[in-house]
Amino acid sequence: MNALLTRIKLGFILCFTGLLLSTSVKADTPTTAISASAYQTLFSQDADKTQLIALSQKLNLGETVRGHFVQSRQLKVLKKPLISQGQFIFDQTQGLIWQQITPFESLLILKDKQLIQRDSQGRVQISKADASASAAAMGDILPNLVRAMLGGDISGLSENFELHFLITDKLNTERLSTNGQWQLGLTPKDPLMKKAVANMVLEGSDVLQSLVLLSAAPSVSTQDMTRIDFSALSQGKLSETELTQYAVAIEANKP
């Protein structure tokens with residue numbers, strides 16, 4: 001049973017971050033790697049209420065937000081990172097769509113505590129987070145993290161994460177102006193989640209720019225590290241085409 005719950009929890013983590021080895025390929029050209037040690041200063045500072053309120057206001061993009069992502073995963077055993085890219089949609093009511101376009105197409109939907117996966121062959125797989133109270137709790141954590149990132153709902157994160165905040169480049173503490181950068185560090189309180197992702201970092205300036213996931217503490221020199229860069233963020237109601245994508249979750253649940 002413990003092994004089953006671990007797989008369910010990791011499945012929801014992988015849904016959000018897209019961290020499936022099968023969905024990435026080695027980069028053809030070298031990329032500039034950022035050492036995990038660069039975040040040691042961030043995780044030595046706690047976040048205060050004033051900073052979190054200001055950040056919530058900045059990240060509030062409304063009920064629906066969409067954009068593009070490029071994911072680079074650096075593994076200890078590989079010299080070059082694994083690269084994938086695509087687009088995502090987050091709607092407060094419908095949930096999260098994580099659609100990879102290259103190196104091949106795949107679709108992940110996080111909706112109503114369920115993970116729906118559709119591979120490049122059109123095969124659909126469903127993982128539910130209602131096997132136990134523990135798994136159901138994990139099903140709540142990651143949607144809350146998405147809402148915090150894209151909807152500005154930072155306040156609820158403290159229930160599941162230890163929060164750290166760092167301002168750089170003369171960024172105004174109270175207004176979080178566009179003159180610099182900010183970093184929000186998250187350390188999971190749940191032991192199983194922390195085992196999979198030791199620390200997370202949200203980075204941005206005027207808007208959210210990236211999500212970094214570390215497999216160990218920043219002081220560990222050699223570790224797996226994933227960076228997801230976001231771009232072309234936009235707001236607006238869901239289109240008919242986008243609603244059709246969410247319909248995959250409805251069809252998958254039909255008997």
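**Note on the predicted model: salt bridges, rings, core and confidence**

1. Four salt bridges are counted in the structure, where a salt bridge is a side-chain nitrogen of Lys or Arg within 4 Å of a carboxyl oxygen of Asp or Glu. The structure is a predicted model, in which local features need pLDDT of at least 70, side-chain atom pairs count only at pLDDT 80 or more, and totals for chains, interfaces and linings use all residues. Residues are numbered from 1 along each chain as its sequence is written, and side-chain values use heavy atoms, with hydrogens and water left out.

2. One of the salt bridges joins E242 to R66, with the closest N and O atoms 2.7 Å apart. Because E242 lies in helix α5 (residues 240-252) and R66 in strand β2 (residues 64-74), the pair ties together parts that are 176 residues apart in sequence; helices (H or I, at least four residues) and strands (E, at least two) are DSSP runs, numbered from the N terminus. E242 is buried at 11% relative accessibility, and R66 is buried as well, with a relative accessible area of 14%. Here buried means under 20% relative accessible area, exposed means over 50%, and partly exposed is in between, with a 1.4 Å probe and protein chains only.

3. A salt bridge also links the side chains of D119 and R123, at 2.8 Å from N to O. D119 is partly exposed, with a relative accessible area of 28%, whereas R123 counts as exposed at 57% relative accessibility.

4. What does a search of the whole structure find in the way of aromatic pairs? The search finds three aromatic pairs, given that rings of Phe, Tyr and Trp (its six-membered ring) pair if their centres lie within 6.5 Å, with planes under 30 degrees apart counted as stacked, over 60 as edge-to-face and the rest as tilted. F88 and W98 form a stacked pair, at 6.1 Å centre to centre and with 25° between the planes. This pair links F88 in strand β3 (residues 82-91) to W98 in strand β4 (residues 95-102), 10 residues apart. F88 counts as buried at 2% relative accessibility, and W98 counts as buried at 5%.

5. F88 also pairs with F230: the ring centres are 5.5 Å apart and the planes stand at 80°, so the pair is edge-to-face. It links distant parts of the chain, with F88 in strand β3 and F230 in strand β12 (residues 225-235), 142 residues apart. Both F88 and F230 are buried, and ring pairs link F69, F88, W98 and F230 into a cluster.

6. The largest nonpolar core has 35 residues, of which L184, L186, M200 and F230 touch the most other members; a nonpolar core is a set of buried Ala, Val, Leu, Ile, Met, Phe, Trp, Tyr and Cys residues joined through side-chain atoms within 4.5 Å. Helix α3 (residues 133-151) gives the most to this core, with five residues. A second, separate core of nine residues includes F43, L166, V201 and L214. Leaving aside neighbours within four places in sequence, L186 is in contact (heavy atoms within 4.5 Å) with residues including F43, L145, F161, E162, N199 and M200.

7. Two backbone features deserve a look. T102 and P103 are joined by a cis peptide bond, with omega at about 10°, and P103 lies in the loop between β4 and β5 (106-111). A232, although not a glycine, has a positive phi of about 55°; A232 is placed in strand β12 and counts as exposed, at 52% relative accessibility.

8. As for confidence, the mean pLDDT of the chain is 75, and 72% of its residues reach 70 or more, pLDDT being the predictor's confidence in each residue, from 0 to 100. Confidence is lowest in helix α1 (residues 2-17), at a mean of 40, and highest in β3, at 91. Over residues 1-32 the pLDDT is below 50, and this stretch has 81 contacts in the model beyond near neighbours in sequence. The pLDDT is also below 50 over residues 131-138, a stretch with 13 contacts beyond near neighbours in sequence.
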